[in-house]
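User: Hi! I'm new to this one, could you walk me through it?
Analyst: Happy to. Let's bring it up first.

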Amino acid sequence: MIPVAALEPGGDAATALYIVAFSCFTFDVRRGTHPRTAKQGNLIAAGGMTLAVVTTLLLDGIGNWGLIVLGLAIGAAVGVIASTRVQMTQMPQMVALYNGVGGGAVALIAWSELRNGIAEIDSGLLSEIPLDTLIPILFSAVVGSVSFWGSNIAFAKLQDLIPTRPLSVPGQQVVNAVLLVGIVAACVVLTLNNDDPSQGLFIGVLVAAALLGNLVVLPIGGADMPVVISLLNAFTGLSAAAAGFALDNVALIVAGTLVGSSGTILTLEMATAMNRSVANILFAGFGGAPAAGASTGEERPHTSIGAQDAAIKLAYADSVVIVPGYGLAVAQAQHAVKEMADELSKRGVDVSYAIHPVAGRMPGHMNVLLAEADVPYEKLREMDEINPEMPRTDVAVVIGANDVTNPAAKNDPNSPIAGMPIIEVHEAQQVIVIKRSLSPGFAGIDNDLFYEPNTSMLFADAKQAAGDIAAEVENL
Amino acid sequence: MDVIIEITIFVLAAFVGFEVISKVPTTLHTPLMSQTNAIHGIVMLGGLIVVGFADDGLEKLIGVIAIAFGMINIVGGFMVTDRMLGMFARKPKPAAEEAPKQ
C-alpha cells in the first residue's frame, strides 16, 4: 500500500491537497471567461473535485466502504442519466434540481454534525458544542433546507408540474414572517443550550425552514424564475461554506464561497435587468397586482404584414438584428430562426442577435439555446453593446419577446416597467414583430412598440414564420 | 482550525469569487451556473466523513443520502456543463459563408 493511504483528518497533508483542489475550481472559473477555454476549465475543475474526494477517502479511520460506494453509485447513475437526457430548453429545471439536492445534502450533513456533537456530550468527550461549530451547523441547516424545498418548487413550476402563475394563500407575508421569527428564536435557544441541545427542536427548525422554502417560492411567477434560481444558487453556496466552518474543511469554505459569489452576482444582475429589487420579486408576486397602466383593451392602429413582405424587407437590408425572447424557446424555433439567418447571410445581410439578460428562464439561457442551434457566439450581442447600434440597423426582428422591447420603459415615467433596461428596437429603421397576437406580455401592459409607424406585425407561430421567411428569401 | 483563520479564508475567497466571476461573459452564465452546481457538490466530502465514521443506522442513512445528493451535483453538473460548452466550442460549418463581422 501507498504510505499516504492514511491521512490525518484535519492534518497538513489533507489540507494541502484540499488547497490544490479549490485552486483548480478558481482557475476553472478564470478559464470560464471565454467560450473557447471554458471547456478545458471545466475538466480542470472536475480533476480538482476528484482530488478532493480521493483525499477524503484516504483519511485515517474512514470505514463503511460498502455504503460509501452505494451512495456514490446512486448519485453517479442519476447524474449521468439526467445530464445526458436533459434538453437545453429544460436547463433551468435541471439547475433548480441541482440547487435543491445540493441544499438537501448540506442540511443532512448539518443534522448529522449536530447528532455527532450530542453523542460526544453524552459520552463525556465534550462538555458543550463549541459555538463556532454550532452556529455554522444551524446556519447551514436552515439555508440548506430552504434551498432544497424552494428549489423543488422552482423545478415543479418550470417543469409545469404545478401552475407557473403566482400561487399564494391569504396572509402569506404574515405566515412567512412568523416562520422566520420562529426559526431564528429556535436557533437562539439551541445556541444558548449548547451544553445540551435538543435534537427535536433542531428537527423542528429543519421542518419550519422547509415550509418557508415552499411558501417563499410558490407565489413567484414563471418570468421571475431567473432571479429565483440565481438566488437559490447563492443560498446553496453559502450553506456549503457554512458547513465548511462546522467541519473545519477549507475546501468546502472556498468552494462554497465561490458558488455563493457567483449566485449573488447573477441574482443582482437579473434583478437589475428587470429593474426590480430582489425583495420586491420575492415578496410581491408580480401577477398579484396587474398595476395601473395595464392594458386598456382598446383597439389601436397597427400594420400587419405576411411572410413574403417580411422576407423582402429583410433580404434587401444591410443589417438585421434578431431579438429573441422566451416565446422563441417555447415554440422551439431556434433552428428555424438560424435557417432564416443563414439565408439572409448568404445574400450578404449582416445578421446578429440581441440578447436581453432575462430573455430566457435563467441567466444566459437564450445564449445556450442559440448555441445549440449552431449560432456562433460572436453573433450574440449583449443589450448594452447593441443598443447604440440600433439607429444604424435596417431591420430589427422581434421573435417571442415582448416587455423587454417596450419603449414605454424609457419614454413613459408612469409605466409599471418604467426604468427597466430594454433592447431599443424602436430606434431601428424598421421593426418586424413576429407574435401570435397583440396580447400583452408578462407585465400585463400594452407594448407601444406594436403601434409605432415603423413597426410591422407578423401574426404567426415563431417557428412557422421563421421557416416561411427563410423559404421566401431563398426564392427571391 | 482557528475560527478567525477560517473567517479570513472566507472573506478572501469572497473577494476572489466576485472578482473572477464578474469577468464571466453573459453568454456563459448558464454553463457557469451548472458548473457552480458541480463545484457545490464538494459538500459530498461532508457526507463521506459522516458515513465513513458513522456507527448508528440513522447516521448511515443520512450520510448515504447526502453522498448520493452530492454525487448527483458533481457528476451531473460537470457532465451537463461539458455538453453545453461543447456547443459553444464547436465550429459551425456555415460560418465561412457568413458576412465577416465588423
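**A sheet, its helices and a partner chain**

User: Which strands does helix H14 of chain A lie across?
Analyst: This is a predicted model. In it, helix H14 (residues 365-372) of chain A lies across S2, strand S3 (350-355) and S4 of chain A. H14 runs at about 145° to S3(A).

User: OK, and in what order do the strands of that open sheet come?
Analyst: The order is S1-S7-S6-S5-S2-S3-S4 in chain A, seven strands with parallel pairing.

User: Why do S1 and S4 each have one side without a neighbour?
Analyst: Strand S1 (303-304) and strand S4 (380-382) of chain A stand at the edges with a single partner strand each, so one side of each has no neighbour in the sheet.

User: How many bridges join S5 to S6 in chain A?
Analyst: Five, between strand S5 (residues 395-399) and strand S6 (residues 430-435) of chain A. For instance, A:Ala396 in S5 has A:Val431 in S6(A) as its bridge partner.

User: What does helix H11 of chain A touch?
Analyst: Helix H11 (residues 307-315) packs on the sheet and touches strand S2 (319-324), S5, S6 and strand S7 (455-459) of chain A. Its direction makes about 145° with that of S6(A).

User: Switching topic: how many residues of chain B are in contact with chain A?
Analyst: 82 residues of chain B are in contact with 98 residues of chain A.

User: Which helix of chain B gives the largest share of that side?
Analyst: H4(B), with 30 residues. Helices H1 (3-21), H2 (29-40) and H3 (44-52) of chain B are also among those that each supply at least two residues.

User: And what classes of residue are there?
Analyst: The side of chain B that touches chain A has 51 nonpolar, 22 polar and nine charged residues.

Notes: Residues numbered from 1 in each chain as written. Chains lettered and ligands numbered in written order. Predicted model: local features only at pLDDT ≥ 70, side-chain atom pairs only at ≥ 80, totals over all residues. Pairing = 2+ DSSP bridges. Helix = DSSP H or I, 4+ residues; strand = E, 2+ residues; numbered from the N terminus. Contact = placed C-beta atoms within 7 Å. Axes fitted to C-alpha atoms, helices over the stretch in contact; angles between N-to-C directions. Nonpolar A, V, L, I, M, F, W, Y, C, P; charged D, E, K, R; others polar.
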